[in-house]
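Dear colleague,

I am passing on the structure we spoke about, together with some notes on its charged side chains. Please look through it alongside the text below.

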Amino acid sequence: VRFMLNFSERITMTINEKTTFVLFPVFICSFMVAAPIFGYLGDRFNRKIILSCGIFFWSAVTLSSSFITKEYYWLFVLSRGLVGIGESSYSSISPTIIGDLFTNNSRTMMLSVFYLAIPLGSGLGYILGSSAKEAAGDWHWALRVSPVLGMTAGTLILFFVPEPKRGHADQLGGRIKHRTSWLCDMKALAKNRSYVFSSLASAAVSFATGAFGMWIPLYLFRAQVVQKTAEACTKDICSSKDSLIFGAITCVTGLLGVVIGAATTRLCRQKTERADPLVCAVSMLGSAIFVCLIFVVAKKSIIGAYVCIFIGETLLFLNWAITADILMYVVIPTRRATAVAFQGFTSHLLGDAGSPYLIGLISDALQKSYTRSVLWQFLSLGYALMLCPFVIVLGGMFFLATALFFLDDRDKAEKQCTVPVKSVVFLYFDCFLHCSIIVKTSNLFDLVSTIT
């Protein structure tokens, strides 16, 4: 399902570059608004039913949108907003079910499998969406196949996926008897330093990936124009070779990054308990180096730029599953859905919701300040994209801050989960003493009565 969601999203985004500037913010905004709501519901009600309903809703809206004609473009934009609502239900709840089914290294591996679908769906969406657009075929069929698969997956989830008790994998399922209020959950998350810093680091990753997805293919095309290996495009729909290559790289690097990240973390845990945030920090800082090299190499060698993109994205994608695993460690089971939802909200709000437009604004401002030429169009976009490695470095610093507080926050979460049990034990102990005193007092009165 995760694969199909990202596949459908990328198919729609590659229909026309101009429509992307309208469709993408609508999708992101609806996702951000709906995610906290599904986070609240996911911590309090049956997650499997909510998840299935969200998938059915997303599938129905996507299928319906494939029949909308150009005359009703506003309705197509509205449908993208509704798709964002459907995806927010899945993204907020699914990791928490995995967190309650597995623990430790097993949970890391299962979360890795879950997040493998992001690059797989996004990469293939780029490739097939661009191919359909260039082949002058009917792109609507891409939006008609995925909903059928989505409904099938939703049905399988509804009937075959278990609904574990919250905290089941951590052997806390029988201990957690009550839930705190939403306001109390939000206060606790705001005070959870590991959660806050890892969420900010996740936003840095989202900032970079959102900007790259929108602008790197165009940047590489302009580099080829500067090198005179390609002609400047004046049409609405241009050659999609760079989009195809970038999509393939995104797909492969995402797969490699998630697998390498899980394996590296598993090995590093044998050396230090802070392995999760430290692996993320090192990978982010290493990624920033190769992202910088893209803009140094691109003017002379496109192949060299692709090599830097490959290494940089692999290191950047290393932390996807690990970030989710950090959240599972430092947040108690009864507020994990809320935590996942607001982490996604923060990632989009500070990340890909605005980064493509910020890069575009900077590039346009630089172009206006100098003679408009092919070379300067290329350079101005490169200077604007140079903001990304600085944000990535900032994300690496946030992960280092997470490492400082990770053990303390993990221990606090474990103690919070065991508090209800201790309270019950003390309650029973107090009741036992109280009842014993009553019995002894009653016996004393009987003895006095007998003597009298």
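Predicted model: local features only at pLDDT ≥ 70, side-chain atom pairs only at ≥ 80, totals over all residues.

The structure holds ten salt bridges in total, and three of them are described here one by one.

The side chains of Asp-185 and Arg-44 meet in a salt bridge, with a distance of 3.1 Å from N to O. Because Asp-185 belongs to helix α7 (residues 182-191) while Arg-44 sits in the loop between α2 (17-42) and α3 (47-65), this pair ties together parts of the structure that are 141 residues apart in sequence. Both partners, Asp-185 and Arg-44, are buried.

A second salt bridge, at 3.4 Å from N to O, joins the side chains of Asp-100 and Arg-336. Asp-100 is part of helix α4 (residues 73-101) and Arg-336 is part of helix α13 (residues 336-350), so here the parts tied together are 236 residues apart in sequence. Asp-100 counts as buried because its relative accessibility is 0%, and Arg-336 likewise counts as buried, at 3%.

Helix α13 has 15 residues and reaches 21 Å from its first C-alpha to its last, which is close to the 21 Å expected at 1.5 Å a residue. Twelve of its 15 residues are buried, so α13 is largely enclosed by the rest of the structure. Besides Arg-336, the buried residues of α13 include Val-340, Phe-342, Gln-343, Thr-346 and His-348.

Finally, there is a polar contact that involves another arginine, Arg-107, which is found in helix α5 (residues 104-134). Where does the side chain of Arg-107 make a polar contact? The partner is the side chain of Asp-325, at 2.9 Å, and Arg-107 counts as buried because its relative accessibility is 1%.

With best wishes

Key. Residues numbered from 1 in each chain as written. Heavy atoms only, no water. Salt bridge = Lys/Arg side-chain N within 4 Å of Asp/Glu carboxyl O. Helix = DSSP H or I, 4+ residues; strand = E, 2+ residues; numbered from the N terminus. Buried < 20%, exposed > 50% of the residue type's maximum accessible area, 1.4 Å probe, protein only. Expected span 1.5 Å × (residues − 1). Polar contact = N/O pair within 3.5 Å; in protein donor to acceptor, adjacent residues only side chain to side chain.
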